[in-house]
Amino acid sequence: MTYSFDSHGWLTAATIPGRSTEIAPPAHETTPIVGRDWPNFTGIEWITVPYVAPIAAVPDVAESETEWLIDIGPFFDRFDASGASTMSILSSVDVQVQALVKNVMARKWIDLKRADLPQMMDLLISKGLLTAEQKSYILMTPLAPEENLALRRLYFS
């Protein structure tokens, strides 16, 4: 008979490939209870120690889940190479433009596939702060890895 253990060494009823032994664990209760003794496999032998529930690991995020999420700085960098459009937008005294900037700055990142983003860009176009070509470039150009490096490191790793 084989006995399985999880990635933390705790005895488990689940069959986990590569995580089993033929060494029988010591007598134990039917289910683990936090703070109560429970078998833990050291790789050589079973020991009985107070059970601590493992903290759930953050699952790996598929690249496709972040492929259209852009960091705030690179988002503004996409407006133009010279920075003129970006500076015009950021320094605008127009109340609607200020509201849009505050909305963007309050976020950790921008989802370029967000449904209301094209309308926000259209507002900037109507104010003469952006062109249709810039809008298309900003929204349709796939991200370079460095354009969302911060968010992937901070929130998805």
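This is a predicted model: local features need pLDDT of at least 70, side-chain atom pairs count only at pLDDT 80 or more; totals for chains, interfaces and linings use all residues.
1. A word on terms before the helices: axes here are lines fitted to C-alpha atoms, for helices over the stretch in contact, and angles run from 0 to 180 degrees between N-to-C directions. The crossing of helix 4 past helix 5 is left-handed.

2. Here is who touches whom in that pair. Helix 4 contributes Gln96, Val97, Leu100 and Asn103, and helix 5 answers with Met120, Leu123 and Leu124. Sorted by class, the contact of helix 4 with helix 5 counts five nonpolar and two polar residues, with no charged ones.

3. Now for the other partner of interest. Helix 5 (residues 117–126) packs against helix 6 (residues 132–140) at an angle of about 155°, and their axes lie 10 Å apart. That angle makes helix 5 roughly antiparallel to helix 6. Helix 5 passes helix 6 in a right-handed crossing.

4. The residues in this second contact are Leu117, Pro118, Met121, Asp122 and Ile125 from helix 5, meeting Ala132, Lys135, Ile138 and Leu139 from helix 6. By class, the contact of helix 5 with helix 6 holds seven nonpolar and two charged residues, and no polar ones.

5. Three strands form an open sheet in the order 2-1-3, paired antiparallel. Strand 2 (11–12) and strand 3 (20–21) are the edges, each with a single partner strand, so one side of each has no neighbour in the sheet.

6. Strand 1 (residues 3–5) pairs with strand 3 in the antiparallel sense over two bridges. Serine 4 sits opposite serine 20 of strand 3.

Definitions and conventions. Residues are numbered from 1 along each chain as its sequence is written. Side-chain values use heavy atoms; hydrogens and water are left out. Two strands pair if DSSP finds at least two bridges between them. Helices (H or I, at least four residues) and strands (E, at least two) are DSSP runs, numbered from the N terminus. Angles under 35 degrees count as roughly parallel, over 145 as roughly antiparallel, 65 to 115 as roughly perpendicular and the rest as oblique. A crossing is left-handed if the near helix is turned anticlockwise from the far one by less than a right angle, and right-handed if clockwise. Contact means heavy atoms within 4.5 Å. Ala, Val, Leu, Ile, Met, Phe, Trp, Tyr, Cys and Pro count as nonpolar, Asp, Glu, Lys and Arg as charged, and the others, Gly among them, as polar.
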